[in-house]
Amino acid sequence: GAHKVSVRSHYKAWRSQEEFENVSPDFVTVVGAAPSDFRRFQTRNQFRIGPSREILFNYNWYRNNLNGQLTDTSKTQSPEAGLRWLGLFNRPSLTVDTKLRYRETWHTSAATPKYTSVGEVLSLSDRFGDINGDIQYEHRNEKRGSTQKDSRNIVGINLAGFWRWDQAVFR
């Protein structure tokens, strides 16, 4: 079977969201699109330290091959910490995040037993009327095994529009 539990909590300046998901190896969906055979835990936390700043702490943990039938088992953990500034330059919807992201993945196969990455992330999001947009930059240092090292610069841009049906129809 597949089980997912989500909990959201809020206490004074603290907000938190936790998710636990467990999908058994024999789970099959109607169209076969969902992954099976994994367990995942995720927590996302924000602590407000003033009217326009928050401390962020997120953590993800993942494991597959629950019954040990696959040739490779992977386990991943990914802590992330950062700061968020809200409502900069008198724009209530303008948000800037800066985060340090660490990711470590272990494999039981001998080909690539361990993968680690450390990334510095800077993101900016804002809303202009019905358009919501964000841009994210990440500099990531990666290491596979004991010798293979790589450095990447990643940029992502997202735009989304929000229109109500009665606004989209000509009158």
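Here is a chat about how to read some features of this structure, which is a predicted model.

Me: Let's start with the overall layout. How many strands does the sheet have, and what is their order?
Reply: With a sheet, you look at which strand sits beside which. Here, nine strands make an open sheet in the order 1-2-3-4-5-6-7-8-9, and the pairing is antiparallel. Two strands pair on one side only: strand 1 (2–11) and strand 9 (148–161) are the edges. Ignoring direction, neighbouring strands are turned by 10 degrees against each other on average.

Me: Okay, now zoom in on one pair. How many bridges join strand 4 to strand 5?
Reply: Eleven bridges do that, linking residues 53–64 with residues 74–86, and the two strands run antiparallel.

Me: What lies between strand 7 and strand 8?
Reply: For a hairpin, check the pairing and then the turn. Strand 7 and strand 8 pair over 14 bridges in the antiparallel sense. Two residues separate them in this hairpin, and Gly129 in the turn has a positive phi of about 65 degrees. Phe128 has Ile131 in strand 8 as its bridge partner.

Me: And how many residues are between strand 8 and strand 9?
Reply: That hairpin has three residues between its strands, with Gly145 in the turn showing a positive phi of about 70 degrees. Again there are 14 bridges and an antiparallel run. One partner pair to find is Arg144 with Gln148 in strand 9.

Me: Is Thr95 buried or exposed?
Reply: For this you compare the relative accessible area with a cut-off: under 20% means buried. Thr95 is at 16%, so it counts as buried. Its place is in strand 6 (residues 95–107). Leaving aside neighbours within four places in sequence, Thr95 touches Arg84, Trp85, Leu86, Ser123, Leu124 and Ser125.

Me: What about Phe128, buried or exposed?
Reply: Phe128 has 54% relative accessibility, so it counts as exposed. This residue lies in strand 7.

Me: Which residues form the nonpolar patch on the surface?
Reply: For a patch, you look for a group of residues on the surface. This one consists of Leu122, Leu124, Phe128, Ile131, Ile135, Tyr137, Val155, Ile157 and Leu159, and together they have about 890 Å² of accessible area. Strand 7 (114–128), strand 8 (131–144) and strand 9 are the elements giving two or more residues to the patch.

Me: On to charges. How many salt bridges are found in the whole structure?
Reply: The search finds 16. Take Glu54 and Arg48: their closest N and O atoms are 3.4 Å apart. Glu54 is buried, at 2% relative accessibility, while Arg48 is partly exposed at 36%.

Me: Why does the pair of Lys114 and Glu104 tie together parts that are apart in sequence?
Reply: Because Lys114 lies in strand 7 and Glu104 in strand 6, the pair connects parts ten residues apart in sequence. Their side chains meet in a salt bridge of 3.1 Å, N to O. Lys114 is partly exposed at 35%, whereas Glu104 is buried at 9%.

Me: Which residues are joined into one network by shared partners?
Reply: Start from one link: Arg140 forms a salt bridge with Glu138, with the closest N and O atoms 3.3 Å apart. Glu138 is buried, at 5% relative accessibility. Salt bridges that share partners then join Glu80, Lys99, Arg101, Glu138, Arg140, Glu142, Arg144, Asp150 and Arg152.

Methods. Residues numbered from 1 in each chain as written. Predicted model: local features only at pLDDT ≥ 70, side-chain atom pairs only at ≥ 80, totals over all residues. Heavy atoms only, no water. Pairing = 2+ DSSP bridges. Helix = DSSP H or I, 4+ residues; strand = E, 2+ residues; numbered from the N terminus. Axes fitted to C-alpha atoms, helices over the stretch in contact; angles between N-to-C directions. Patch = residues over 30% accessible without salt bridge, like charges linked within 9 Å, V, L, I, M, F, W, Y side chains within 5 Å. Areas by Shrake-Rupley, 256 points an atom, 1.4 Å probe, with all protein chains shown as cover. Salt bridge = Lys/Arg side-chain N within 4 Å of Asp/Glu carboxyl O. Buried < 20%, exposed > 50% of the residue type's maximum accessible area, 1.4 Å probe, protein only. Contact = heavy atoms within 4.5 Å.
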